[in-house]
Amino acid sequence: MTETKYRTCNLCEAMCGLAIEVDGNQVVSIRPDQDDVLSHGHICPKAFALQDVNEDPDRLRLPLRKIDGDWQQVSWAEAYAYTAKRIVDIQQAGGRDALAVYAGNPSVHNTGTLLFAPVFRRLLRTKSNYSATSVDQLTHHLAALMMFGQVNLLPVPDINRTDFWLILGGNPLVSNGSMMTAPNVSGKLRAIQQRGGKVVVIDPRRTETAKKADQHLFITPGTDIWLLLALINLVFTHDAVTLGHLADKINMEQLLAVESAVAHITPAVASRETGIPGAEIEALAAAFLQANTAVCYGRLGVSAAQHGGLCQWAVVVLNLITGNLDAVGGSMFPSAPIDIAARKARQAPFKRWQSRTSGQPEAMGEVPAQTLAEDITTPGTGQIKGLVTICGNPVLSVPNGARLDAAMETLDFMVSVDIYLNETTRHADVILPPATGLEAAHFGFVFHNLAVHNTAKFSSPTIEKDPDAKFDWEIFSDLSVAVAQEQAARNGEDYTPQALPTLEDRLDMMLHASGTDLTIAALKEAPHGVDRGALVPNIGKRLLTDSGQIEVFPAIYAEGLANLAPTAPTADLLLIGRRHLRTNNSWLHNVESMVRGRNTCTAMLHPADAAAHKITDGSLIEVTSRVGSVTLPAEITADIAQGVVSIPHGWGHKKEGIRLRVAQGHAGVSINDLVDDQVFDAVSGSAVINAVPVTVALA
Ligand code: SF4
């Protein structure tokens with residue numbers, strides 16, 4: 001007997017609604033939920049991978065412990081006890097910071113991990129925290145902190161109502177939206193055009209989004225800041241500053257300081273840096289200003305490149321001074337059922353400490369992930385000897401992954417909470433695999449805060465987990481108890497475990513505390529979600545800066561701008577990343593249906609660059625940077641700017657020590673074996689994963 005269950009897809013930020021037909025505990029089919037209040041029947045091909053991941057024979061379901069070099073299945077009790085003992089050993093011997101934690105991107109997509117891993121991390125009290133944030137989105141959070149007073153007060157483009165969408169370094173048709181929960185970007189883009197609006201894409205590659213846009217302009221990688229500053233300058237020189245309802249929230253002295261700081265960035269200056277003709281920059285500014293509503297959105301190509309910190313500040317400034325911040329059709333702040341930006345930190349979470357080796361700034365309680373390898377291998381006080389990884393594969397995901405791969409071998413102990421034995425977890429001593437995906441409950445705790453329409457939805461587990469399996473929130477609760485018990489025993493103290501709430505109880509408490517009348521019970525009665533309306537202007541009431549105003553020109557950006565220098569000419573090509581619709585960062589490569597067909601892990605090259613290096617389409621080429629070399633097939637295409645090479649991220653699966661049989665056959669190479677771990681954005685400390693200088697040659 002089959003029945004249909006409804007849930008949210010948690011693979012990416014889009015939070016599409018799924019209608020899943022099950023027969024008992026067996027998934028029969030996955031379809032789009034036409035009645036979902038957010039996605040209205042949209043899904044992408046990855047949704048079907050949820051079933052494949054669930055049924056993947058390579059997926060771990062019970063704990064593994066490496067004993068004398070061999071993996072052995074052990075009980076949860078043994079895994080917890082051994083892990084707790086080794087964690088406390090390491091922190092007793094080397095201090096709290098000798099134990100590091102790395103959290104990968106799926107940490108925010110799994111509700112149990114998101115809410116319960118912090119409980120465990122607080123117990124460890126280590127400052128050696130690392131995550132994917134510093135690789136792909138820190139610059140957004142820093143702009144929110146500096147300008148609005150809270151790292152999570154993040155504006156999103158109101159693409160349901162805008163008349164002009166300017167996209168820099170983003171490919172939302174493939175990412176399905178990033179730092180923006182917007183299912184069916186393709187339909188929303190079409191709708192902008194159907195209502196007479198325009199979409200303009202600035203990117204070194206003619207991306208899938210660029211091909212559907214009204215205009216695409218190639219740009220030299222890493223130079224977006226010059227374009228943004230020129231656009232801001234043109235708003236001032238055209239005397240077109242419009243502050244609208246935010247006029248009394250702006251410090252005018254700061255605004256004048258911005259005007260003067262950008263005055264020398266004329267279209268001609270920006271043209272020399274970006275390669276975009278000055279007349280095109282003028283026309284772009286005019287079109288942005290003439291549109292009834294407009295929004296500028298900058299994503300990975302600008303967030304994680306040279307000057308990424310300045311770029312995200314400049315994006316906000318451009319939206320603000322054109323009257324498009326906190327305005328319908330512009331850049332708006334979602335009203336989530338649980339507002340994660342409601343409270344101000346006692347101390348601004350930036351630069352409270354530094355990474356132990358190269359002194360990079362802390363941000364949001366973490367130091368840049370690309371410093372993890374050097375922090376493991378550099379001897380001295382606080383040297384990292386133990387590591388906890390949570391749903392992450394940093395060997396493939398952080399700059400100079402090969403260095404991290406080698407560094408992990410030197411650790412005294414490593415535990416991974418993960419469902420796969422992959423390139424990272426192969427270095428672990430213990431792997432704790434949670435029940436996941438269709439087996440777990442879901443609430444878009446973070447992504448309701450990034451959604452282009454206000455909704456609320458809770459998904460109960462679609463199928464039951466194995467009786468012996470544990471949910472992620474149970475693992476972090478159990479591990480917290482085991483570590484606390486071990487710590488108490490070493491100190492000769494008594495320890496009485498306190499009952500921790502379940503995931504649903506915790507969510508209910510948070511909903512109650514947020515002042516909404518929503519409860520988990522009520523949300524269970526609304527399997528397609530609750531529509532809470534379009535975005536509304538609200539930043540005036542939510543600002544958490546000390547001044548109570550929007551800080552238009554915080555000191556770190558003023559300094560960054562003062563130090564901004566023209567890009568030095570280079571004979572090298574510039575490497576940029578890319579992603580594909582059927583892959584999801586470093587995983588989903590173990591799902592046959594997501595990777596079959598032509599090899600997409602190629603190095604895209606412009607025909608002129610290929611000819612200059614005698615490279616033909618499909619030939620194997622070696623791409624080399626300061627930190628490494630990879631060999632992969634060339635893909636010659638005029639869809640990429642001359643002087644640029646593009647390699648997709650997330651690939652580079654190893655042949656040894658992992659249990660990912662499909663991925664091993666579709667290994668590809670890791671772009672992060674080329675990305676330099678010694679290059680940081682000067683303002684934020686964020687990774688610079690785009691515009692990496694490389695050379696190419698026939699292999
Ligand atoms: S767009 Fe994202 S949320 Fe929607 S089905 Fe695809 S992977 Fe899932």
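# Close-up views of a predicted model

View 1. Strand E14 covers residues 350-354, and strand E15 covers residues 361-363. The two strands pair in the antiparallel sense over two bridges. Phe-350 has Ala-363 of E15 as its bridge partner.

**View 2. The whole chain, for orientation.** The chain holds 25 helices and 30 strands. Its C-alpha trace spans about 70 × 60 × 55 Å along the principal axes. For 699 residues, a compact globule would have a radius of gyration near 27 Å. The chain has 25 Å, which agrees. The chain divides into four parts: domain 1 (2-55), domain 2 (64-135 + 342-530), domain 3 (138-337 + 541-562) and domain 4 (573-698). Domain 2 and domain 3 are each written as two segments.

**View 3. Domain 1 meets domain 3.** Nine residues of domain 1 are in contact with eight residues of domain 3. On the domain 1 side, the touching residues divide into six nonpolar, two polar and one charged. The centres of domain 1 and domain 3, taken over C-alpha atoms, are 34 Å apart.

**View 4. An open sheet of seven strands.** The strand order is E5-E4-E18-E17-E16-E6-E7, and the pairing is mixed. Strand E5 (70-73) and strand E7 (129-131) stand at the edges. Each has a single partner strand, so one side of each is left without a neighbour in the sheet. From one strand to the next, the twist averages 20°.

View 5. Strand E6 (residues 99-103) pairs with E7 in the parallel sense, over three bridges. Ala-103 stands opposite Ser-131 in E7. Helix H2 (residues 76-94) packs on the sheet. H2 touches strand E4 (64-67), E6, strand E16 (386-390), strand E17 (413-417) and strand E18 (430-432). The direction of H2 makes about 125° with that of E18. Helix H3 (residues 111-124) packs on the sheet too, touching E6 and E16. The direction of H3 makes about 165° with that of E6.

**View 6. Six strands close into a barrel.** Around the barrel the order is E25-E29-E26-E28-E27-E30, with mixed pairing. Neighbouring strands are turned by 45° against each other on average, direction ignored. Strand E26 (residues 603-605) and strand E29 (residues 644-648) run antiparallel. Two bridges join E26 to E29. Met-604 has Ser-646 in E29 as its bridge partner.

Definitions and conventions. Residues are numbered from 1 along each chain as its sequence is written. This is a predicted model: local features need pLDDT of at least 70, side-chain atom pairs count only at pLDDT 80 or more; totals for chains, interfaces and linings use all residues. Two strands pair if DSSP finds at least two bridges between them. Helices (H or I, at least four residues) and strands (E, at least two) are DSSP runs, numbered from the N terminus. Axes are lines fitted to C-alpha atoms, for helices over the stretch in contact, and angles run from 0 to 180 degrees between N-to-C directions. Domain bounds come from an automatic or database domain assignment. Two residues are in contact if their C-beta atoms, placed from the backbone, lie within 7 Å. Ala, Val, Leu, Ile, Met, Phe, Trp, Tyr, Cys and Pro count as nonpolar, Asp, Glu, Lys and Arg as charged, and the others, Gly among them, as polar. The radius of gyration is taken over C-alpha atoms; the globule rule is 2.2 Å times the number of residues to the power 0.38.
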